[in-house]
Each structure stands twice: as C-alpha cells, then as structure tokens.
Amino acid sequence: MMNSRRYYYSVLRYRHSYLLNEVVNIGLLIILPEENKIQFFFPRALERLSSLYQDLSVSQIKKYLKAFKRKSEELNEGFEELVNKYEGFKDYHSVKRIIKNYFLIQDASSLYFGDVKSGLDGHSIVKEIKELYFSPYSKPTRISRKDENYLEDTFIKGLSQKVFNKTKYDKYTNRNFKVSSGIITQEFPFAWKNGHTNII
C-alpha cells in the first residue's frame, strides 16, 4: 500500500474585471512537503484567454507565469529552509504566507491566488489537479467528417458488392431517379428495387 502524502495547492486566477468578478484559472501552485517539492504549472497555450478578452496582453500574462515558474524552481533548491521557516507546512496558513512572500501579495490586481486547499493522496494528485483546472485549455480532438458525396459513394459501393452481383445491380438500380406526383417532379440521386422501390 502506498503511503499517503500531504499536498497543498492554490489556483492562480486572472480577473479581467474586478467589478464583474469574472475569473479564469491560469496557473496552479502545488506543494508536496514529504517530497520536498513546490511546483508551479500553467497551460502552454493561452488562446482561451485571448478569445475571451480581445484587449488582453497574453504575452504579458505569460511573462508573469514564467516568472512564477522560475520562482518555484528557486524555492525547490532551498526547500529544507522553507520547511524550517514555515514550521513544516503544518497547515494552509504556511502556504498562504509563502504565496504572499514569494509570489503575489493579496490586493485588487488582475492576478491573484485563490484559497489554499489541502488533502492526502496516493501519487497521482498532481496530474488529477492539472486536468481538473486546465482541461478547458485542451484542444478538442478533430473529428473526421465525411461529406454527402463520400457517404453516397460508400453506400452504393457496398450495395453493388454485397447485395447485388454486377448483372442484377445494373438491372435493379437507377441513378438520378425521378418521382412525379402529377403536379411536381422530384429527382433522387439513387434508387434500387428489392420487391419495392427504395430511394435515397
């Protein structure tokens, strides 16, 4: 059985309008005391931000994110000192102090860290938290779509090969089949007979 380990995390948010309080998650600070790790993650592609806010300088936001990333790496090098300074990360107050002292003070700026959350886990919590908060940035899987001509040709090919032999196919099928009601005439791309006439 894997030993549980403590984790703390806080989500970095971008607030475009303080009045409207519209926020978007753009970063994630995770601290794993038992592993001597403090990590900062952010989405590599920030198109979601630029699509939401036309007047936003995404390049400036990226500079902040990269700076936070570098700061977390610096803190990792002296993690034991942090443990001693912040009483072994015994509660979330220690993490709030680290955020204030090394990353961002709490004010009315556009960037701010949300509440500190904590828990115990196995060994997949980092991946799970990243997927939870960054999934909106994932590019949707491109679905291959076939046009009507492709579908029609595939259907007719299957009909000629699996339902009729060549002789019967030519005899019982008809392209550009016309149906008249006496008032109007409608043309259909394809028709075939197997007891009665079928049209598509």
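This is a predicted model: local features need pLDDT of at least 70, side-chain atom pairs count only at pLDDT 80 or more; totals for chains, interfaces and linings use all residues.
Asn36 sits in the loop that runs between strand β2 (22-32) and strand β3 (37-41), and its phi is positive, at about 55°, although the residue is not a glycine. Because its relative accessible area is 39%, Asn36 counts as partly exposed, a class that lies between the cut-offs of 20% and 50%.

Val126, by contrast in topic, belongs to helix α5 (residues 125-134). With a relative accessible area of 15%, Val126 is buried, since buried means under 20%. When its neighbours within four places in sequence are left aside, Val126 is in contact with Ile30, Leu32, Gln39 and Phe41. Val126 and Tyr9 are 117 residues apart in sequence, while their C-alpha atoms are 9.4 Å apart in space.

The two residues compare as follows.

The largest pocket has a volume of about 370 Å³, and 16 residues line it, with Lys96, Gln106, Phe113, Gly114 and Asp115 lying nearest its centre. Strand β1 (5-17), helix α4 (92-103) and strand β4 (111-113) each supply at least two residues of this lining, and the largest share, four residues, comes from α4. Sorted by class, the lining of the largest pocket holds eight nonpolar, two polar and six charged residues.

Methods: Residues are numbered from 1 along each chain as its sequence is written. Side-chain values use heavy atoms; hydrogens and water are left out. Buried means under 20% relative accessible area, exposed over 50%, partly exposed in between (1.4 Å probe, protein chains only). Contact means heavy atoms within 4.5 Å. On a 1 Å grid over the protein atoms alone, a cavity is a set of points where a 1.4 Å probe fits but cannot get out, and a pocket is an open set with protein on both sides within 12 Å along at least five of seven lines; lining residues have an atom within 4 Å of a point. Grid points are joined across faces, edges and corners, and a volume is the space filled by probe spheres set on the points. Ala, Val, Leu, Ile, Met, Phe, Trp, Tyr, Cys and Pro count as nonpolar, Asp, Glu, Lys and Arg as charged, and the others, Gly among them, as polar.
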